[in-house]
Amino acid sequence: QVQVAESGGGLVQAGGSLRLSCTATGSPFDDFAMGWFRQAPGKEREWVSCINWSGDSTFHADSVKGRFTISRDNTKNTLYLRMNSLEPEDTAVYYCAAERAYLGGAYFYTCPFTPTEYTYWGQGTQVTVSS
């Protein structure tokens with residue numbers, strides 16, 4: 001079973017920065033496309049960003065574009081989400097997700113955009129942004 005775990009959440013003032021980290025074990029890390037999602041109380045899970053297996057293709061939701069940056073270091077088996085200029089509206093539980101990025105030995109260039117396309121999920125880490 002693939003295990004996914006994220007960390008780095010916490011309490012930060014508006015305008016501050018935070019970096020989330022995520023690991024996926026059980027298979028080689030570069031087997032996976034990776035994504036970040038978030039969910040606030042009473043709201044649906046929202047796609048934030050994703051990155052392909054090699055890290056040379058990234059995508060960010062309009063709500064975070066220009067403020068958040070996804071990256072990965074495959075030598076450290078780690079995914080990151082750098083969050084700058086945080087706003088109270090960013091308050092949510094942030095989830096890391098992984099999906100196999102290959103079929104029959106061929107790797108996909110892009111990454112999935114929707115929660116249903118990801119198979120493996122972490123437990124979530126709370127990010128709270130105060131006014």
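## Largest pocket

In the classification of residues used here, Ala, Val, Leu, Ile, Met, Phe, Trp, Tyr, Cys and Pro count as nonpolar, Asp, Glu, Lys and Arg as charged, and the others, Gly among them, as polar. On this basis, the lining of the largest pocket divides into 2 nonpolar, 3 polar and 8 charged residues. The model is predicted: local features need pLDDT of at least 70 and side-chain atom pairs count only at pLDDT 80 or more, whereas totals for chains, interfaces and linings use all residues. Residues are numbered from 1 along each chain as its sequence is written, and side-chain values use heavy atoms, with hydrogens and water left out.

The volume of the largest pocket is about 160 Å³. Among its 13 lining residues, Arg-38, Ala-40, Lys-43, Glu-46 and Glu-89 are the closest to the centre. A pocket is an open set of points on a 1 Å grid over the protein atoms alone, where a 1.4 Å probe fits, with protein on both sides within 12 Å along at least five of seven lines; lining residues have an atom within 4 Å of a point. Points are joined across faces, edges and corners, and the volume is the space filled by probe spheres set on them.

Strands are DSSP runs (E, at least two residues), numbered from the N terminus, and two of them pair if DSSP finds at least two bridges between them.

β1 (residues 3-7) pairs with β3 (residues 18-25) over 5 bridges in the antiparallel sense, and Val-4 stands opposite Ala-24 in β3. Buried means under 20% relative accessible area, exposed over 50%, and partly exposed in between (1.4 Å probe, protein chains only). β7 and β8 (residues 78-83) run antiparallel, joined by 6 bridges; Asp-73 stands opposite Thr-78 in β8.

## Aromatic cluster

The structure holds 9 aromatic pairs. Rings of Phe, Tyr and Trp (its six-membered ring) pair if their centres lie within 6.5 Å; planes under 30 degrees apart count as stacked, over 60 as edge-to-face and the rest as tilted. Tyr-95 and Trp-121 form an edge-to-face pair, because their ring centres are 6.5 Å apart and their planes stand at 75 degrees. This pair links distant parts of the chain, with Tyr-95 in β9 (residues 92-100) and Trp-121 in β12 (residues 120-121), 26 residues apart.

Tyr-95 is buried at 14% relative accessible area, and Trp-121 is partly exposed at 24%. Tyr-118 and Trp-121 are also edge-to-face, with centres 6.2 Å apart and planes at 70 degrees. Tyr-118 is buried, at 4% relative accessibility. Ring pairs link Phe-37, Tyr-95, Tyr-118 and Trp-121 into a cluster.

Notes:
Helices (H or I, at least four residues) and strands (E, at least two) are DSSP runs, numbered from the N terminus.
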